[in-house]
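Let's walk through this structure together, one neighbourhood at a time. Keep the viewer open and pick out the residues as they come up.

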Amino acid sequence: SIVKSLISSTPAQFSIGDLVSEIEKRNRLKILHRWLEAQASNGSQDTGLYNALAKIYIDSNYDPEQFLSSNKFYDPRVVGAYSEKRDPNLAYLAYSQGECDDELLRLTSENGMFKQQARYLIKRRDLGLWAKALTGDDQQPLNQSHRRQLVDQVVSYALPEAEDPEQVSVCVKAFMAASLPQELIELLERIILEPTPFSNNNNLQNLLILTAVKVEPTRVADYISRLSNFDAPDIAEICINNGLHEEAFSIYKRFEVNADAIGVLIDHVGSLDRAYEYAERCDQPEVWSRLGKAQLDGLRIKEAIDSYIRADDAANFAEVIDVATHAGKFDDLVRFLLMARKKVREPAIESELLFAYAKTERLADLEDMLHGPNIAQVQKVGDRCYDEGLFDAARLLFQSVSNWSRLASTLVRLGDYQAAVDCGRKANSTVVWRDVHAACIAEREFRLAQICGLHLIVHAEELESLTRLYESGGHVDELCALIENGLGLERAHMGMFTELAILYCKYRPEQIMDHLKLYWSRINIPKVIRACESAHLWPELVFLYVHYDEFDNAAQTIIAHSADAWEHASFKDIIVKVSNVELYYKALRFYLNEQPLLLNDLLHVMMPRVDHTRVVSMFLKSDNIPLIKKYLVAAQTTNNKSVNEAYNDLLIEEEDFVGLRNSIDNHDNFDGIGLAQRLEKHELLEFRRIAAHLYNQAKRWRQSLNLSKKDKLYKDAMTTARVSGSAEIAEDLLRYFVESGNSACFSACLFTCYDLVRSDVVMELSWRHGLANEAMPYFINLMREYQTKVDHLATEVSELKLKVEKSGGPMPAANAGPNQLLGPAGVNGRLLLGHSGSPAPQPANGTPPMFTPGLGSAHGSTPSMGGL
């Protein structure tokens, strides 16, 4: 009582919690009961106060449920912990009021209060709390027996009592998250199959079936039959994905989704027979269409077409056409296409119908369809029929579109060649003519083939294949006739002339030359050259080479094949045009071997082009110089040393001294000394004279004189002395004549060498040897010459004097002028004049003096020998 009084008189300025704690330690909490209630009634909200009241009510059993459930100011964890050992139900109540989840789960699990735990979990609607209860955590590991008891309580009592759909939804999600499919099925069966507010819930029914699909497939069929408010299409699809095909079929069948139902039978069950029975029962177009597609995929083509016809569905016409065509089911395809043509206006349908008529040989129906309105691709169908060998049908199709080219080819295949040619004229196509032409050749219709061929050969690209076609069949005569007829066409081209030339080379060599002469300008010469070379037609080959300006090849061909190709006139024309110089000499060797008598003629045309030295060398080596004598004569105009020497040798060999003398005089390019040395030993006098002549030309005067003296050719010796211009040589010759007693030659030598001999020497020789008479003509002429000169000088002096007198100048000295006359015994005993005057006057009667030598020249003209 003292404590109570003390507390009551003390102002409330202390901690009630501390007070309660101290008194509770002494187990005297009840003494504060009245005081605590008084404080509560005064509106205190101190948590410690209410915790103390809760403990007092629990201990005194003073309606603690009412206080715990209605009071909001106590601490649930403190009160709950205080109540656990005293009354777990009160602890549960306290924990549930404060949402002390962990403490509540622990309390209910430890005390087997699973019904309360189930109700609390459903009420809380917390997936995290459900996860702790169903799967455990680190603080509270999972106890399988506890979970089983909790599930049983949830299924049996807690969930059926729930009325809030959210509570049910959270519970189901928690079971799903905890991977408890069996328990989930039990839960859903309890909610759905038994009368509850949620029995007809769509989501729960879907969930039940889906869970059963995954966990208990055997229960799915029962659920499908007992439930009605689930999403049939989605559930059926899931069943299909999980292999429950019959269950899926049952769903579709129950909800009369017939197209999908038959789809399950077809696609998954794989029973077309059951599908057919189901289609018969349903008898719906979409079902028949679906069945028809399956039968078509299974290659039940007739049944598929029947199904499509019953469905009156032409949408899948493309696939039906493709499969039926590949399978060759054209009779059934006709039925389908007739139905499809009524439903769909498509070119493909009508085109395939035409082709099906062709394949089934219903040509009358095909013709009727062509005559009626249609949108078929007739050309393409015709091409297909042609490729398939359906030529009768192709003929009708090509006729309907006026495709003459294809019609011509078709008629060829049908053997109507005349009609094919007529169509070819209308088509006027190279391809058509080629096709018809080949067919006519194969059937040996050469008249018609020629008509076609004339339209082909005007195209250069067609000529080669046409030629091969004829040649492979051995129809060479027909081919030649065809091309010959085509040469006169306006469009005739080079290829025709060339190909005909090649054919002549191969098969008619006797005609090739005439053809080449007529048309050489219009042929492909290189191509024909190869053909002629292969056929060994050498004259024709030469002809082509010449007209192709390949003169080198032409010349080589003639040389290599002279027996057939050589002709002298043409060879001369060719050889002068070659560019390879070596061919000149090759041609000479060829003529030397085969036509030696024509060498000079050949050399005549080749003369401006050949190397004369090389030609002479060639014939010298073969010792055939005489064969080219005419050439040597003609070639001497070039004054070539080799030519001159060869010709001179030839003349020596022939002993033609006249020709040799002319050659030497006219052409000086040769070894004169060598020739002279050879000739001075020649047995014939005339050749020795030529040797002396050669020595004269070489200015070897003494050798020439000795040779002339030896042969007593005194005239030649005197001529040599005069030509030499040497007084010594001339005087030596005079002495030789004096010594040999040849006075006549002495006199003649004075006449010949008048300008060279000195008068004192002549006077001495004539006086000493008694030759005054022989020398007298010489002296007479000498005196006449002196007299003429003196007279001339006198005339000049007189004229000079007159000029001086007229000008009044002094008279020049007698010996100062340029005209100084030296005595007869002047320099070397000769008369020397510094300046020649006017020529000596002629006698009145015109008779010249006995001697008329030239003045002031060592080579004056030879005086006449008339005085001797």
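**A guided walk through the model**

Start at Arg341, which makes a salt bridge with Glu350, their closest N and O atoms lying 3.3 Å apart. A salt bridge here is a side-chain nitrogen of Lys or Arg within 4 Å of a carboxyl oxygen of Asp or Glu. Before going on, please note that this is a predicted model: local features need pLDDT of at least 70, side-chain atom pairs count only at pLDDT 80 or more, and totals for chains, interfaces and linings use all residues. Residues are numbered from 1 along each chain as its sequence is written, and side-chain values use heavy atoms, with hydrogens and water left out.

How accessible are the two partners? Arg341 counts as partly exposed, at 23% relative accessibility, whereas Glu350 counts as buried, at 1%. Those words have cut-offs: buried is under 20% relative accessible area, exposed is over 50%, and partly exposed is in between (1.4 Å probe, protein chains only).

Next, look at Arg384 and Glu352, a salt bridge whose closest N and O atoms are 2.7 Å apart. This pair links distant parts of the chain, with Arg384 in helix H26 (residues 378-388) and Glu352 in helix H24 (residues 347-359), 32 residues apart. Helices (H or I, at least four residues) and strands (E, at least two) are DSSP runs, numbered from the N terminus. Arg384 is partly exposed at 28% relative accessibility, while Glu352 is buried at 13%.

An α-helix has 3.6 residues a turn, so residues three or four places apart point the same way. Asp665 is partly exposed, with a relative accessible area of 39%, and Arg661 is also partly exposed, at 28%. Elsewhere, Lys302, Asp306, Asp332 and Arg335 are linked in a network of salt bridges. By the rule given above, the count comes to 28 salt bridges.

Now for the nonpolar side chains. In soluble globular proteins, nonpolar side chains tend to be buried together. A nonpolar core is a set of buried Ala, Val, Leu, Ile, Met, Phe, Trp, Tyr and Cys residues joined through side-chain atoms within 4.5 Å. The largest one has 147 residues, and those with the most contacts inside it are Phe336, Phe571, Ile575, Leu588 and Leu632. What does Ile575 touch, leaving aside its neighbours within four places in sequence? Ile575 is in contact with Ala555, Leu583, Tyr584, Ala587, Leu602 and Met606, where contact means heavy atoms within 4.5 Å. A second, separate core has 30 residues, including Ala721, Ile729, Val757 and Leu782.

Phe336 also turns up beside Tyr308. Leaving aside neighbours within four places in sequence, the contacts of Tyr308 include Phe336, Met339, Leu296 and Lys293. Tyr308 is found in helix H21 (residues 301-311) and is buried, with a relative accessible area of 1%. Tyr308 and Lys293 are 15 residues apart in sequence and 8.2 Å apart in space, C-alpha to C-alpha.

Ile729 takes us to helix H51. In H51, Ile729, Ala730, Glu731, Leu733, Leu734, Phe737 and Val738 are buried. Their cover includes helix H49 (701-710), helix H50 (714-724), helix H52 (743-752) and helix H53 (759-769). H51 itself (residues 727-740) has 14 residues and reaches 20 Å from its first C-alpha to its last, close to the 20 Å expected at 1.5 Å a residue. That expected span is 1.5 Å times one less than the number of residues. After H51 comes Gly741, whose phi is positive, near 75°.

Finish in two loops. Lys712, in the loop between H49 and H50, has a positive phi of about 60° although it is not a glycine. Lys712 is exposed, with a relative accessible area of 61%. Asp549, in the loop between helix H37 (538-547) and helix H38 (551-560), has a positive phi near 60° and is likewise a residue other than glycine. Asp549 is exposed, with a relative accessible area of 59%.
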